[in-house]
Amino acid sequence: MPELPDLQVFSKNLMKRIAHREIVSAELLNRSRVNVDGDTVRAKLLQTKIADIVRKGKELYFQLENDEVFSVHLMLSGRFHICAPEEAAGIPYKILSIGFEGEESLVISDFQSLCKVTFNPVETNVPDALGENFTLAYLQNAVRRNQRKNIKAFLIDQSIVKGIGNAYADEILWKANISPKSTAGKIPEARLAELYAAVADVLKDAITNIERISPDIISGEERSFLKVHNSRKRYTDEGDRILVQKIAAKTTYYTERQQLFF
């Protein structure tokens, strides 16, 4: 599943390719994954342009020049495609196809049919992991409200903080030297500060690495640089064996060196 760093790069690359170009066609192909019907899709999209593409948590928000907005949550296997119209016709499992002036289309697809497209999505007050409202004080207060919650489950809970998924929760906990088996309320204040710093460090570093390795990426995942959540690695660069275990109902990568607070 694409997570915050992937989506941040997707938004930048999609902007370069399709922003400020007139939309000349719009076709809804999977009504079950979009919250409006085909006529509404066309009414909202035709003869306008994409003004901005903004990542919010694990979703991309497409802001149109006519003040309409639609969000895309790719879920596990959703994908963006930019291609010629004749190529778009051959893409399987399409959800939405948007054609632009210049004979190019944006297609959103998902073979698992889990991806969601939402017109006029409802905003929440949950802070983004890289947003200005995600402060150390917020993290400390959230831990107090969820003292018994497993720390891995805490980090990936989108009702607490938006944008962190399974892979980057493991990377953040490894960076902060905290075991994913830890209980949130048992982590000392000083270590919460280290955890807070690790969130920004890991996510920003990942964005830099994705842009370096896959500069034009608009779909999929780039994970080759990950330190611990990496199925190709058996040991960290420091020589610690990487353990794999189900924690918080997720396949979790960690090392014995990470300190357990329980």
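Mentor: In this predicted model, rings of Phe, Tyr and Trp are taken to pair if their centres lie within 6.5 Å, and by this rule the count comes to six aromatic pairs.

Trainee: Why is the pair of Tyr 93 and Phe 111 called edge-to-face?

Mentor: The planes of Tyr 93 and Phe 111 stand at 65° to each other, with 6.5 Å from centre to centre, and because planes over 60 degrees apart count as edge-to-face, the pair takes that name.

Trainee: What makes this a pair that links distant parts of the chain?

Mentor: Tyr 93 sits in the loop between α3 (85-88) and β6 (94-100), while Phe 111 belongs to the loop between β7 (104-109) and β8 (116-119), and the two are 18 residues apart.

Trainee: How do you know whether Tyr 93 is buried or exposed, and what of Phe 111?

Mentor: The cut-off for exposed is over 50% relative accessible area; Tyr 93 has 54%, so Tyr 93 is exposed, and Phe 111 has 56%, so Phe 111 is exposed as well.

Trainee: Why is the pair of Phe 134 and Tyr 196 called tilted?

Mentor: Their ring centres are 5.5 Å apart and their planes meet at 45°; since stacked needs under 30 degrees and edge-to-face over 60, the pair is tilted. This pair, too, links distant parts of the chain, with Phe 134 in the loop between β8 and α4 (136-145) and Tyr 196 in helix α7 (residues 189-213), 62 residues apart.

Trainee: How are Phe 134 and Tyr 196 classed by accessibility?

Mentor: Phe 134 has 5% relative accessibility and so counts as buried, the limit being under 20%, whereas Tyr 196, with a relative accessible area of 26%, is partly exposed, because that class runs between 20% and 50%.

Trainee: Which residues do ring pairs link into a cluster?

Mentor: The cluster consists of Phe 62, Phe 70, Phe 80 and Phe 119.

Methods:
Residues are numbered from 1 along each chain as its sequence is written. This is a predicted model: local features need pLDDT of at least 70, side-chain atom pairs count only at pLDDT 80 or more; totals for chains, interfaces and linings use all residues. Side-chain values use heavy atoms; hydrogens and water are left out. Helices (H or I, at least four residues) and strands (E, at least two) are DSSP runs, numbered from the N terminus. Buried means under 20% relative accessible area, exposed over 50%, partly exposed in between (1.4 Å probe, protein chains only).
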